[in-house]
Amino acid sequence: MPTLKDGFVRRNGWERPLNLQQIGAWVIILYFLVVFYGVVAPAFPLRWQPFAYFVPSLFLLMHVGLLFICTTMDPADPNVRYDTARPTTIDRSKRKHVIMDQQCYFCQVTVSTAAKHCSACNKCVGDFDHHCRWMNNCVGGRTYRRDTCFPCF
């Protein structure tokens, strides 16, 4: 995984350095779009073609929409969201863990109990699950909430 510059904080998944899997995901989506709409759907019998275009298009729009929205959002802990300058190392002789007693020593703020510091994004994420390479963004509490991630459903 590419390393971050000293103090760099990734706000969303579109910021550099982009992950190779993220680029690959968008290339694969574009490839399947061309193959499906250029070759597979036109090969259906004429009476099935409206169905062959509509149903996959609906699922594709939902998938690409969710992927785009979740890549664009900032899943950081609310206390960390607007802070920008962060160190990239801490003294392990003084602190065994990055977050102790709800205090992150990278972000220099108090965070929620379920927050963890993502080394790829260099920020604390509430209800941290993992850093997704396909979105190049962290998956956490804000990404899981239905009303925040995709308000239409």
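Predicted model: local features only at pLDDT ≥ 70, side-chain atom pairs only at ≥ 80, totals over all residues.
Helices and strands here are DSSP runs numbered from the N terminus, with H or I over at least four residues making a helix and E over at least two making a strand. With that in hand, hello everyone, and let's start with a single residue. Val-9 lies in the segment before helix 1. Its relative accessible area is 10%, and Val-9 is therefore buried; buried means under 20% relative accessible area, exposed over 50%, and partly exposed in between, with a 1.4 Å probe and protein chains only.

Residues are numbered from 1 along each chain as its sequence is written, and side-chain values use heavy atoms, with hydrogens and water left out.

Now the overall layout. The chain has four helices and seven strands. Reading from the N terminus, the order of elements is α-α-β-β-β-β-β-β-β-α-α. The chain has 153 residues, and 36% of them count as buried.

Let's look at helix 2. It has 24 residues and spans 34 Å from first C-alpha to last, close to the 34 Å expected at 1.5 Å a residue; the expected span is 1.5 Å times one less than the number of residues. Which residues of helix 2 are buried? Gln-49, Ala-52, Gly-65, Leu-67, Cys-70 and Thr-71 are. As a reminder, an α-helix has 3.6 residues a turn, so residues three or four places apart point the same way.

On to the aromatics. Rings of Phe, Tyr and Trp (its six-membered ring) pair if their centres lie within 6.5 Å; planes under 30 degrees apart count as stacked, over 60 as edge-to-face and the rest as tilted. How many aromatic pairs does that rule give? The count is five. One of them is the tilted pair of Trp-14 and Phe-68, with 5.7 Å between the centres and 45° between the planes. Trp-14 sits in the segment before helix 1 (20-43) and Phe-68 in helix 2 (residues 49-72), so this pair ties together parts that are 54 residues apart in sequence. Trp-14 is partly exposed at 35% relative accessibility, and Phe-68 is partly exposed too, at 44%.

Tyr-37 and Tyr-53 make a stacked pair, 5.9 Å centre to centre and 10° between the planes. Why does this pair tie together parts that are 16 residues apart in sequence? Because Tyr-37 belongs to helix 1 and Tyr-53 to helix 2. Tyr-37 is partly exposed, with a relative accessible area of 26%, and Tyr-53 is partly exposed at 30%. Going back to Trp-14 and Phe-68, they form one aromatic cluster with Trp-26.

Next, the surface. Val-39, Val-40, Phe-44 and Trp-48 make a nonpolar surface patch of about 360 Å². For the bookkeeping, patches take residues with over 30% relative accessible area and no salt bridge, joining like charges within 9 Å and nonpolar side chains (Val, Leu, Ile, Met, Phe, Trp, Tyr) within 5 Å. The areas come from the Shrake-Rupley method with a 1.4 Å probe, and for residues only the protein chains shown count as cover. Val-39, from helix 1, is exposed at 55% relative accessible area.

Three of them form an open sheet in the order 1-2-3, with antiparallel pairing. Strand 1 (99-100) and strand 3 (109-110) are the edges, each pairing on one side only. Two strands pair if DSSP finds at least two bridges between them, and strand 2 (residues 103-104) pairs with strand 3 over two bridges. Gln-103 has Thr-110 of strand 3 as its bridge partner. Val-111, in the loop between strand 3 and strand 4 (116-118), is buried at 3% relative accessibility.

Last, the charges. A salt bridge is a side-chain nitrogen of Lys or Arg within 4 Å of a carboxyl oxygen of Asp or Glu. The whole structure holds one salt bridge. Asp-74 and Lys-123 form a salt bridge, with their closest N and O atoms 2.6 Å apart. It links distant parts of the chain, with Asp-74 in the loop between helix 2 and strand 1 and Lys-123 in strand 5 (residues 123-125), 49 residues apart. Are these two residues buried or exposed? Both Asp-74 and Lys-123 are buried.
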